[in-house]
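Here are my notes on this one, jotted down while I had it open.

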Amino acid sequence: MFNKLNNIGDSAVVCDFGDEVNQEVNNRVIKLFHHLKKQSSLGNIKGILNCIPSYNKLIISFDLQKINSDKVINFINSIDLPSLNLDQDKKEWTIPICYDFGLDLISMSKQLKLDKEEIISIHSKSIFFVYMIGFVPGHPFMGDLDSKLFLNRLKTPRVKVPPGSVGVVEKFCNIYPYETPGGWNIIGKTPIKLFNNKDSSKPCLLSPGDKVKFKPISKEEFDNYKNE
Amino acid sequence: MSNSFFEVLRAGVNTTYQDKGRFSMQHIGIPPGGCADNKSFLVSNAIVRNEKPIGVIEFAYQGPLLKLIKGKTKIAITGNVNFKIIYKNKEIIEGDCNRSYNLDEGDQIDILATKESTYGYFSVEGGFDLDTFCSSVSTLVKAKIGPNDGSKIQLGDKIKINTNRKNNNNHKSNISHNKTNIIRVLKGPQYNYFSEESKKIFFSNFYKVTNLTDRMGMRLEGKVLKNIINTNIRSEGITKGAIQVPADGQPIVLLTDHPTIGGYPKIANVISADYDLLVQKIPGTKISFKCIDLQEAEQLYKNRQVSISEIIKNIKEIN
């Protein structure tokens, strides 16, 4: 099921699913994530504070007053993950993107030796898989990008990336929900909000395991979107 | 609902509403948050006789100056803090931490500064009237989450209080704070990324707390730690108290509002029992790390919980 199960500090454990980063591995991470969330909400395991899926790991933090590493590890070891049939609510999203805001499109075009139009066409035809969400609220790490568009991080990260910017690095694609520093190549910008700080019940648009497709829009459509 | 409220006459440096934190949300990028120093938070609520630990005002270094415009309330300040109460009749008293005071309409509380510590806590009987977001009133300024539109408390803000003071009885705690600069840790998940020499250095040298320290993280400065495997890892979930070491070899302790995912190797994790002690260290403090094992860390946490329960049980009525 997974390669290693260890404590991290005194109030978290990590399930390590191996070094590979692909959708198959990540699907197993997300499956265990959903299962633990469910078991925790049913009260079958007490004291779980956070389950944090990433590409190939699931980290579970807990309240040391209520449970400890040994008990969490035993609980996880008792789960027969392959036999679980979880009804995961995986959604498919179409997210508008305006490539006119692609701050790095020209330099990408030079580095990749591809026309801007070709880059846009490849990116907008890809179907992305949400591996994980985090770093800041609502920020998705998605893959897999066509290998024709593989690029490294910017040599000098930007101090400020405008919110809504869509970036690419290697086979991954992200969307910056806030103005933050960042080193990804900016290919475009979306007018939609990824995180709603007014909606307590569902603040985050995307969930790990969801699929995302980008729909190109014009600058005018972008502005109209913003004003809606 | 009472009509009692304070007005903010000076906001202080980093004044926010905080409570125990916000959980089950790290998978969408929200860190636990909450009061940095949990012990002071719990005791602060207990002194004003709040049955449950509810939202308080946390301040760092310089605190706010507040005037009670309407109503009457009971307040307490915990931590190591220099403050004054300016009564309506112009009488001014030096405040003592860890006890409650009655405030009436027109009285002011001037929270001047924390002493040899970073955070202080201001609680009122019955708590502040605040909107929750995902079951917590903790403010995450970076993502504009929490009361006050997720902002720090600002000049001119109105701070509403849930209830009026029920009686004039005051209480005092005998809380004491550990002064040691030795922080106990467990080996981190990427401990073996570091050279044998660097592991020795980490546990035998002082690391200075730098100015680049806030609720998100504490940057340390000391002998460079040499990574012999890779200065980056696949991004993975982060937990409070993780000590990561980026390529420059200088450790960063991830604190209460940490990023939820990170890609630097982690040499160690601060034990839960020493976390409150660590967050109160001010820039310039030289700290050192001591490695212990998991069993000992768990026992120390139990001892800490017992000690906090004792402190709360021993809160006595005064005057």
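1. Start with A:Glu170, which sits in the loop between β9 (165-169) and β10 (172-175) of chain A. Its phi is near 50 degrees, a positive value in a residue other than glycine. The side is neither fully covered nor fully open: A:Glu170 has a relative accessible area of 36%, so it counts as partly exposed. Bear in mind that this is a predicted model.

2. A:Lys113 is another non-glycine with positive phi, about 55 degrees. You'll find A:Lys113 in the loop between α3 (105-112) and α4 (116-125) of chain A. Its relative accessibility is 72%, and because the cut-off for exposed is over 50%, A:Lys113 counts as exposed.

3. Then there's the peptide bond joining A:Gly143 and A:Asp144: it is cis, with omega about 0 degrees. A:Asp144 belongs to the loop between β7 (140-143) and β8 (158-161) of chain A. As background for these points, most peptide bonds are trans, and most residues other than glycine have a negative phi.

4. Buried or exposed: which is A:Gly9? Buried, because its relative accessibility is 4% and the cut-off is under 20%. A:Gly9 lies in the loop between β1 (4-7) and β2 (12-16) of chain A. Leaving aside residues up to four places away in sequence, A:Gly9 touches B:Leu186, B:Asn269 and B:Leu294. From A:Gly9 to A:Ser61 is 52 residues in sequence and 9.6 Å in space, C-alpha to C-alpha.

5. On to the interface. Chain B puts 38 residues into the contact and chain A 44 residues. The two chains bury about 3300 Å² between them, with 60% of that on carbon and sulfur atoms. On the chain B side, B:His27, B:Arg234 and B:Ile261 supply 20% of the area buried against chain A, more than any other three residues.

6. Chain B itself has four helices and 22 strands. Its radius of gyration is 20 Å, which agrees with the value near 20 Å for a compact globule of 319 residues. Along the principal axes, the C-alpha atoms of chain B fill a box of roughly 65 × 35 × 30 Å. Of the chain B contacts with a separation of 6 or more, 78% are between residues 24 or more positions apart.

7. Last, burial and surface in chain B. Buried residues make up 60% of the 319. Chain B exposes about 13300 Å², and carbon and sulfur atoms supply 47% of it. There are 43 positive and 32 negative side chains in chain B, and the centres of the two sets lie 1 Å apart.

Technical notes
Residues are numbered from 1 along each chain as its sequence is written. Chains are lettered from A and ligands numbered from 1 in the order in which they are written. This is a predicted model: local features need pLDDT of at least 70, side-chain atom pairs count only at pLDDT 80 or more; totals for chains, interfaces and linings use all residues. Side-chain values use heavy atoms; hydrogens and water are left out. Helices (H or I, at least four residues) and strands (E, at least two) are DSSP runs, numbered from the N terminus. The radius of gyration is taken over C-alpha atoms; the globule rule is 2.2 Å times the number of residues to the power 0.38. Buried means under 20% relative accessible area, exposed over 50%, partly exposed in between (1.4 Å probe, protein chains only). Contact means heavy atoms within 4.5 Å. Accessible areas come from the Shrake-Rupley method with a 1.4 Å probe; for residues, only the protein chains shown count as cover. Lys and Arg count as positive and Asp and Glu as negative; His and the chain ends are not counted. The place of a charge is taken as NZ of Lys, CZ of Arg, CG of Asp or CD of Glu. Buried area is the accessible area (1.4 Å probe) that two parts lose on being put together, summed over both.
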